[in-house]
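Student: I am new to this structure and would like to go through it step by step. Could we begin with the terms we shall need?

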Amino acid sequence: MTDLAGRVHKLTSRARRLTTRPRWGRPTGADVTAGMVTGLFSIPEGMAYASIAGFNPVAGLYAGVVPPILGSLAAPTVLMVTTLTSAIALTGQSVVSDAGLDPHAGGTVAALTVLVGAVMLLMGALRLGVVLSFVSNAVMTGFSTGIALQIVTGVLGDASGYKPPGHNKLLQLWNWLTGIGNWKLAPTLVAAATIAVWALARTVRRLEPVALLVAMVLVSVAVALLGADVELVRDIARIPAALPGLSLPDWSAMPHLLGGALSVALVALAQAAGVSPSMPNPDGSRSDVNGDFAAQGLANLGGGLFQALPSGGSLSRTGVAAGAGARTRWAGVISGVFLALVVLVAGKLAERIPMPVIGGLILVVGGELIWGKRADVALVLRTSGLSTAAMAVTFAATTQLPLQQAIVIGAVLSLLLYCVQAARQSGFVALERDHEGAWATTGDPPPAVLPPGRVTVLVYEGTSLFAELPRLETQLPRVDGARGAVLILVMRTAPDVPSSAMLKLIRRYANSLHAQGGRLVLAGVQPAFAALLARTGITAELGDSAVVPAEPALLAPLDRAAEEARQWIATR
């Protein structure tokens, strides 16, 4: 127990250090304006994302209050706004649905959000930000494009009054397009008007950052004045004219949500990882992905106790803040405070927002996301067939399977893609001395047969994955009649990660060569690899002089190995 308590204390201390590094600075007038714009923008976007995923829209609204305040205060990425995103909402819906729980139950939402926060905080404390580096761009492109399609299909019913049938998102979209006769006139006109007003607002430079907000306000007022018969937000959920109250987690639901919380956290963190490269800190300070992990964890721990859905770094909301002139982290803080004031003072007005307006706005957001991915899709298509296949499979999984399953498939595809590409790039390169006596590559493949009575030098370049070894073994020269031959393998770049398959290959080849009267020498061996060779008995089989350790001078071990090889041949 003492040891466990000590470890918990260390993790907590590390998390505290991660979240106390940022410099707060002072808010500017531009931060106040940007925060107000971002807070207002959270009304339609937060409620729409929650509605798409089947949650109470109010929980999506409240995700714009506490999480942005806590996240902005703690995050090393100054402008990052932590709030609900479409991918997080949809992943959370899959998790709750698979667990057989009620997405409208406050205790269930609180349990999921708190668990997500705990996972994020733990990953930040353990400095696991490097994990996201192993998710390939091809997989992320397929995943994010599939999420964008899910956003679009999720509001087709709100935007047209016709919810298309279908067991997957592609089929639903097709049925919606071909079932135009089922569209209802009033919601379709309201959604079309919303898109039209948004497009017109974007033509005005000053209104471009708040075009979605302008469209929401103008069309909502027009619907109220004309008395159009369309569904309103209040028909789905009431917005209390009060600040979010304390909501305790349903502890009995946590065991059913634990695995899914990891999926939600990974989706949120993967999205947030794209914020810092896109939005450099205006004050010149450095971002830190692990610090951002911890900050988002704190935001969810706090938000979960105040009726908020899980949140993460939102590139779209951060873009709104930056476009409106945000310069410090106070813009995110002000956005949460201002939204709380709006809910407190004018919550009943927000209830009158027509659902077709939200549907039109989300069609715009989803369409922009899909359109914005066209360059990434084209890049993946030009890269390789494997990358294209990984992108296509991830896209298909995202549109047809629960999102937590699609995440696992994407992660496995990323790993497989890395392994295949690494195996393809591994191999041996032949070296010979040039006319000045310096070592240089010959440009030729390794010889097919090891020449007797001569020294042959090959450089190993690879990652020591077991999948590459059959290819490597075919590249090694055959040892038929290799009497008095010495093969020197330069192993300086061999990784320190132990590979029993690589050790078996070395032992097998060395024994075959020895049986023909030849010798295998390993030059430039790193200390960890040398210890492994000694521990497994391979050094004793090769001979101590056949394992030449690495030195600061890169080619010194090769020179020494080549000289000893010539002497060995001479004595034979």
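Predicted model: local features only at pLDDT ≥ 70, side-chain atom pairs only at ≥ 80, totals over all residues.

Student: Why is H6 described as largely enclosed?

Tutor: Because 15 of its 20 residues are buried, H6 is largely enclosed by the rest of the structure. Just after H6, Arg127 takes a positive phi of about 55°.

Student: Which residues does Thr108 touch?

Tutor: Thr108 lies in H6 and counts as buried, at 5% relative accessibility. Leaving aside neighbours within four places in sequence, Thr108 is in contact (heavy atoms within 4.5 Å) with Val96, Leu101, Asp102, Asp250 and Leu257.

Student: Where is Leu257 placed?

Tutor: Leu257 is in helix H12, residues 254-272. At 0% relative accessibility, Leu257 counts as buried. Not counting residues up to four places away in sequence, Leu257 touches Val95, Val96, Ala99, Leu101, Thr108, Ala111, Leu112 and Leu115.

Student: What about the largest nonpolar core; how many residues has it?

Tutor: The largest nonpolar core has 88 residues, and those with the most contacts inside it are Ile43, Leu84, Ile239, Leu257 and Ile362. The largest share of this core, nine residues, comes from H6. Apart from it lies another core of 46 residues, among them Phe428, Leu431, Val521 and Leu558. A nonpolar core here is a set of buried Ala, Val, Leu, Ile, Met, Phe, Trp, Tyr and Cys residues joined through side-chain atoms within 4.5 Å.

Student: Turning to empty space, how is it found?

Tutor: Rolling a probe the size of a water molecule over the atoms shows where empty space is left. On a 1 Å grid over the protein atoms alone, a cavity is a set of points where a 1.4 Å probe fits but cannot get out, while a pocket is an open set with protein on both sides within 12 Å along at least five of seven lines; lining residues have an atom within 4 Å of a point. Grid points are joined across faces, edges and corners, and a volume is the space filled by probe spheres set on the points.

Student: What is the volume of the second largest pocket?

Tutor: Its volume is about 640 Å³. Of the 27 residues that line the second largest pocket, the closest to its centre are Ile52, Thr153, Gly154, Lys163 and Lys169. The lining divides into nine nonpolar, 14 polar and four charged residues. In that division, Ala, Val, Leu, Ile, Met, Phe, Trp, Tyr, Cys and Pro count as nonpolar, Asp, Glu, Lys and Arg as charged, and the others, Gly among them, as polar.

Student: Which helix gives the most to that lining?

Tutor: H5 gives the most to the lining of the second largest pocket, with five residues. Ten of the 13 residues of H5 are buried, so H5 is largely enclosed by the rest of the structure. H5 is followed by Gly100, whose phi is positive, near 70°.

Student: And the cavities; how many are there of 30 Å³ or more?

Tutor: A search of the whole structure finds four of them. The largest cavity has a volume of about 70 Å³, and its lining divides into ten nonpolar, no polar and no charged residues. Helix H22 (residues 500-515) supplies the largest share of that lining, four residues.

Methods. Residues numbered from 1 in each chain as written. Heavy atoms only, no water. Buried < 20%, exposed > 50% of the residue type's maximum accessible area, 1.4 Å probe, protein only. Helix = DSSP H or I, 4+ residues; strand = E, 2+ residues; numbered from the N terminus.
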